[in-house]
Amino acid sequence: MGWIVAVIAVAAAVAAAVRAQNSARAENIALARAELAERQSKAAAARTAALTDEIRQLARNRIPAAALALSHPTAKVPGLREAAEVDGDSARLLTEAVQAARKAVVEERGRVDAAARAAMRGTSAKIQSLLNQSQQLLHELQHEYDDPRILQLDFRNELALRRTQATAVLCDAWPGLARQNSPLVEIVLGAQSRVAGYERIKVANHLRDERLALVARAAEPLAIALAELLANATAYSHPDTDVQVTVQQSGGRGAFLVVDDAGIGMDDDALDRARALLAGPPEVLLTELGDPPQTGFAVVGRLVLQYGLNCHIEASPFGGMRTILRVPAHLLTVMEEDRSLSALAPKPVQAQAASAHPAPTEQETAPVPQPAGGEAAALPSRRRRAPLPAPARPAHADAAPDREQVPRTPEQAGASWAALQQGTLNGRSVAGRPFAPAPDDHDHPDDRDEQGDDQT
């Protein structure tokens with residue numbers, strides 16, 4: 001019996017040990033589970049806090065920065081602050097929220113800009129109509145009253161009309177004026193007359209064909225674009241400097257209008273912005289043009305896009321900026337011979353150089369007696385008939401092309417030709433006059449007449 005009691009005691013001890021071990025194991029498991037639950041709770045709290053911070057970052061920084069980047073591409077849009085604390089789904093949703101906000105802002109800006117364009121387009125059309133009526137009335141008053149203030153008022157009306165016309169073009173309206181085929185040099189003069197500093201603009205005509213013209217549909221748009229470039233050149237250069245405009249013709253590539261100023265120039269960012277606008281982007285928002293809006297290059301860009309022009313801007317050798325406006329060949333034509341050019345249009349430089357010596361030839365071909373044994377040449381024969389110094393004529397001939405560019409009215413041109421004719425008659429009979437000037441006297445009648453003709 002003793003051994004039975006021993007076995008029972010051993011079994012009871014083993015059972016107690018097993019129960020104690022199981023109890024300890026259960027306690028350890030419970031403790032581990034509690035610790036895991038605590039860690040999970042802390043991790044969830046951290047993720048919640050990180051997600052809360054990201055949402056706060058989204059509302060306060062990321063979405064406003066994304067909206068700002070639409071107007072200022074260099075602005076940086078911040079990303080996720082605690083990317084490791086936010087799971088993949090949450091990070092993706094936050095990124096989609098930024099993109100959705102950007103898209104909504106773009107659509108809303110487009111709707112607002114379209115509404116503003118429509119309002120400005122209608123207003124510009126009404127103002128332009130009223131200014132055209134005022135211009136017609138001023139022209140009638142100019143024929144009735146000789147008051148210079150009417151001319152000043154007409155010029156200011158023209159400036160207001162140009163600004164209204166440019167605003168209409170920027171808002172996708174047509175220029176509001178239809179023309180016929182117009183000579184290129186007259187279009188340049190028309191653009192010059194629309195600028196406040198028109199007296200500083202000097203035009204050099206280098207066309208091979210003086211009657212080169214623009215087709216009707218592109219005449220007024222080119223005048224608007226060139227006027228905007230000239231206004232920009234005069235506004236950003238010193239009032240004592242000139243703005244040079246060169247009209248050139250280049251084979252089958254069309255014509256070039258080159259505008260040079262001696263202004264303040266541009267930094268790299270402004271130059272890149274100007275080139276982007278002049279290239280003719282498909283859309284330019286009014287809100288992107290600054291406050292107050294700078295519309296000049298944007299207007300040129302709209303016309304470049306609509307009519308197939310080309311415009312480039314770069315640094316000028318004069319210290320400011322050079323703008324090159326190219327007119328393609330398909331927009332050019334040649335005026336008929338029966339169409340007369342404006343008396344104010346500058347003559348081509350080649351024609352001026354070719355006509356630098358016409359007056360002596362006319363005088364030599366006149367039916368006047370030749371000296372015995374004389375030669376029927378131009379200047380040598382003239383010097384034998386009239387004691388004029390040899391350097392006088394070439395000096396005037398060289399200076400003629402530069403002074404010929406000065407615009408003249410028809411009345412001034414008529415008076416100049418009358419003076420030239422009278423001087424010619426005086427020169428033919430100068431040999432028989434007792435008071436003929438000495439050979440070294442440069443103030444003879446012929447020289448005074450020629451100088452007066454060049455300077456008018």
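The following legends describe close-up views of a predicted model.

**View 1. The open five-stranded sheet.**
The strands of this open sheet follow the order β2-β4-β5-β7-β6, and their pairing is mixed. The edge positions are taken by β2 (201–206) and β6 (310–315); each has a single partner strand, so one side of each is left without a neighbour in the sheet. From one strand to the next, the twist averages 15°.

**View 2. Strand β2, its partner β4 and helix α4.**
Strand β2 runs parallel to β4 (residues 243–249), and six bridges join the two. Within this pairing, His-206 has Gln-248 of β4 as its bridge partner. Helix α4 (residues 184–192) lies across β2, β4 and β5 (255–260), and the helix runs at about 175° to β2.

Which sense of pairing do β4 and β5 adopt? The two strands are antiparallel and share six bridges. Gln-248, which is the bridge partner of His-206, has Phe-256 as its bridge partner in β5. The hairpin of β4 and β5 has five residues between the strands, and Gly-251 in this hairpin takes a positive phi near 50°. Strand β4 is largely enclosed by the rest of the structure, because five of its seven residues are buried.

**View 3. The hairpin of β6 and β7.**
Cys-311 stands opposite Leu-325, a residue of β7. Five residues lie between the strands of this hairpin, in which Gly-319 takes a positive phi near 105°.

The side chains of Arg-322 and Asp-260 form a salt bridge with an N to O distance of 2.7 Å. Arg-322 belongs to strand β7 and Asp-260 to strand β5; the pair links distant parts of the chain, 62 residues apart. Asp-260 has a relative accessible area of 3% and is buried, whereas Arg-322, with a relative accessible area of 22%, is partly exposed.

**View 4. The salt bridge between Arg-194 and Glu-158.**
Among the 13 salt bridges of the structure is the one in which the side chains of Arg-194 and Glu-158 meet at 3.8 Å, N to O. Arg-194 is located in the loop between α4 and β2, and Glu-158 in helix α3 (residues 148–170), so the pair ties together parts that are 36 residues apart in sequence. Are these two side chains drawn from buried or exposed residues? Arg-194 counts as buried at 5% relative accessibility, and Glu-158 counts as buried at 15%.

**View 5. The salt bridge between Arg-302 and Asp-172.**
A salt bridge brings the side chains of Arg-302 and Asp-172 together at 2.6 Å, N to O. Because Arg-302 lies in helix α7 (residues 296–307) and Asp-172 in the loop between α3 and β1 (182–183), the pair ties together parts that are 130 residues apart in sequence. Arg-302 counts as buried, at 10% relative accessibility, whereas Asp-172 is partly exposed, with a relative accessible area of 39%.

**View 6. Asp-113 and its surroundings.**
Asp-113 is placed in helix α2 (residues 88–144). With a relative accessibility of 5%, Asp-113 counts as buried. Its side chain makes a polar contact of 2.6 Å with the side chain of Arg-117. Which residues does Asp-113 contact when its neighbours within four places in sequence are left aside? These contacts are with Val-284, Leu-285, Leu-286 and Thr-287. Asp-113 and Arg-117 are also linked with Asp-172 and Arg-302 in a network of salt bridges.

Key. Residues numbered from 1 in each chain as written. Predicted model: local features only at pLDDT ≥ 70, side-chain atom pairs only at ≥ 80, totals over all residues. Heavy atoms only, no water. Pairing = 2+ DSSP bridges. Helix = DSSP H or I, 4+ residues; strand = E, 2+ residues; numbered from the N terminus. Axes fitted to C-alpha atoms, helices over the stretch in contact; angles between N-to-C directions. Contact = heavy atoms within 4.5 Å. Buried < 20%, exposed > 50% of the residue type's maximum accessible area, 1.4 Å probe, protein only. Polar contact = N/O pair within 3.5 Å; in protein donor to acceptor, adjacent residues only side chain to side chain. Salt bridge = Lys/Arg side-chain N within 4 Å of Asp/Glu carboxyl O.
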